[in-house]
Amino acid sequence: MRLIIFTGKGGVGKTSTSAATAYRLSELGYRTLLMSTDSAHSLGDSLDMKLGTEVMNVAENLDVLEVDIIHEMRTRWSTIQDYISAFMLSQGMGEISAEEMAILPGMEMISALFYVNQFNREGRYDVIVMDTAPTGETLRLLSFPDVTNWYIDRGFGVIKKLLGIARATVGKIMDMPLPSNEVMESVEDIKRNMEDVKEILEDPERTTVRLVLNPERMVIKETMRAYTYLCLYNKNVDTLIVNRVLPKEAGDGDYFREKLGEQEGYLDMIHSAFDPMKMRFCRTMRTELRGTDKLRLMADEVYGHDDPFQIHSRSSPMRFTHEGGIDNLEMRMPFVEGGDVELFRLDPSSIMVHVGSQKRNIQLPDTLINADIAGAEFKDSKLIIRFKRD
Ligand SMILES: Nc1ncnc2c1ncn2[C@@H]1O[C@H](COP(=O)(O)OP(=O)(O)OP(=O)(O)O)[C@@H](O)[C@H]1O
Ligand SMILES: [Mg+2]
């Protein structure tokens, strides 16, 4: 099963692109699930139809699911929810309702990833297209399998030990309700699921992340940051969708000429940050992008005759590795002839690299902001920059 995750800054066109892609895939004959993990659900709006809390079939080969966390709390998480509620009560804090639990960070993400795992096991779909919340939250989603296991190992590891002691001393140690075997089972289940899901998310042959952006400075900056973190989390970012490009025929007046000129600059900026990633473009449409006819038009524009199922590269152009106290940043630069490597720090978190006549603008992860650059070289069409942390 393929998993295609669309992410990007707020309002850039993630939902529209996800829906258009899912439509195209279903028309090509793939059994497709379009799924949204964004709590501000807008797939219904984009498709121009009313969606429920369960998987719904909307066209031949196309199902849609908007993960509804309150619904998930009442069904999938009821065992854990009951326990946490009883625990809160025992601490004199009053019960916690499913609605209150639903605002705990992460629950929505775990639910979405559970679905991915479940559908993968059942072999129900050829492809899941995931529409996500704006970048920050999605990055958390994608790092979740690791984080969850960390929490579970620490948190529930402690509870497990306490349980052992409590059982030996017949529950005398404190007034809190002990989690039943059923609760512990559920926790173990989360852990198993997260391990499986991590394998799916980090398999470049199955999961690809596609970044959506607009040719605008702030949007490009945030997308560069997201890209860096996705590479750091070992995700295969295989495509960049440049949406809302103003077409040349937008107009002849000064206003449009100025806009188009500005856009040229931003398109250059996009190339210097994301080359050699596959780029696809979509113009700003004349009318509201809503409903299946418009989404089809968008799919035509973005993919032409190509198949969105196709993976464009086996790994992201950028990769981070760590060995012997040195962090390496590897960057594929396939069309570069070679030449001297020159590095400039633009600000603490970003560097500009010149190799021969090519340049790249790279956003560093927070962990490397204060690190010293220990060296850089260009070898086998790859730029390698070495960092040494304090
Ligand atoms: N190429 C385009 N041409 C015209 N309108 C567009 C285009 N792409 C997106 N839109 C419109 O812009 C608005 C935002 O798009 P969309 O909901 O797809 O973005 P989003 O990234 O999912 O936003 P959010 O971060 O709020 O989830 C919608 O009204 C959509 O119809
Ligand atoms: Mg959206």
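## Around the ligand

Helix H1 gives the most to the shell around ligand 1, with 3 residues. Both H1 (14-27) and strand S7 (237-245) supply at least two residues each to this shell. Helices here are DSSP runs of H or I with at least four residues, strands are runs of E with at least two, and both are numbered from the N terminus. There are 19 residues around ligand 1, and those that come nearest are Gly 13, Lys 14, Thr 15, Ser 16 and Leu 289. A residue is near a molecule or strand if its C-beta atom, placed from the backbone, lies within 6 Å of it.

What kinds of residues make up this shell? They divide into 5 nonpolar, 9 polar and 5 charged. Nonpolar covers Ala, Val, Leu, Ile, Met, Phe, Trp, Tyr, Cys and Pro; charged covers Asp, Glu, Lys and Arg; the others, Gly among them, are polar.

## About the model

This is a predicted model, in which local features need pLDDT of at least 70 and side-chain atom pairs count only at pLDDT 80 or more, while totals for chains, interfaces and linings use all residues. Residues are numbered from 1 along each chain as its sequence is written, and chains are lettered from A and ligands numbered from 1 in the order in which they are written.

## The chain as a whole

The chain's secondary structure comes to 11 helices and 15 strands. Of its 390 residues, 36% are buried. A residue is buried if 20 or more other C-beta atoms lie within 10 Å of its own, exposed if 12 or fewer, and partly exposed in between, with C-beta atoms placed from the backbone.

Among contacts between residues at least 6 apart in sequence, 72% join residues at least 24 apart. Two residues are in contact if their C-beta atoms, placed from the backbone, lie within 7 Å.

## The sheet of 8 strands

Let's walk across an open sheet. Its 8 strands have the order S3-S4-S2-S5-S1-S6-S7-S8, with mixed pairing. S3 and strand S8 (278-283) stand at the edges with a single partner strand each, so one side of each has no neighbour in the sheet. On average, neighbouring strands of this sheet are turned by 25° against each other, direction ignored. Helix H11 (residues 292-303) packs on the sheet, where it touches S7 and S8, and its direction makes about 140° with that of S8. Such angles run from 0 to 180 degrees between N-to-C directions, and axes are lines fitted to C-alpha atoms, for helices over the stretch in contact.

Two strands pair if DSSP finds at least two bridges between them. Asn 57 has Asp 63 in S4 as its bridge partner. S3 and S4 form a hairpin with 2 residues between them, and Asn 61 in the turn has a positive phi of about 70°.

## Strand S1, inside the sheet

Which strands partner S1 in the parallel sense? S1 (residues 2-7) runs parallel to S5 (residues 127-131), joined by 5 bridges, and also pairs with S6 (residues 207-213) in the parallel sense over 5 bridges. On the S5 side, Leu 3 has Ile 128 as its bridge partner, and Ile 5 has Met 130. In S6, Thr 208 stands opposite Ile 4.

Is S1 enclosed or open? Because 6 of its 6 residues are buried, S1 is largely enclosed by the rest of the structure. In a regular strand, side chains alternate between the two faces of the sheet. Here Arg 2, Ile 4 and Phe 6 point one way, Leu 3, Ile 5 and Thr 7 point the other way, and all are buried.

## Two helices side by side

The axes of helix H9 (residues 217-232) and helix H10 (residues 254-274) come within 10 Å and cross at roughly 5°. That makes H9 roughly parallel to H10, a label for angles under 35 degrees, while those over 145 are roughly antiparallel, 65 to 115 roughly perpendicular and the rest oblique. H9 makes the contact through Arg 217, Ile 220 and Met 224, and H10 through Tyr 266, Met 269, Ile 270 and Ala 273. These residues divide into 6 nonpolar, no polar and 1 charged.
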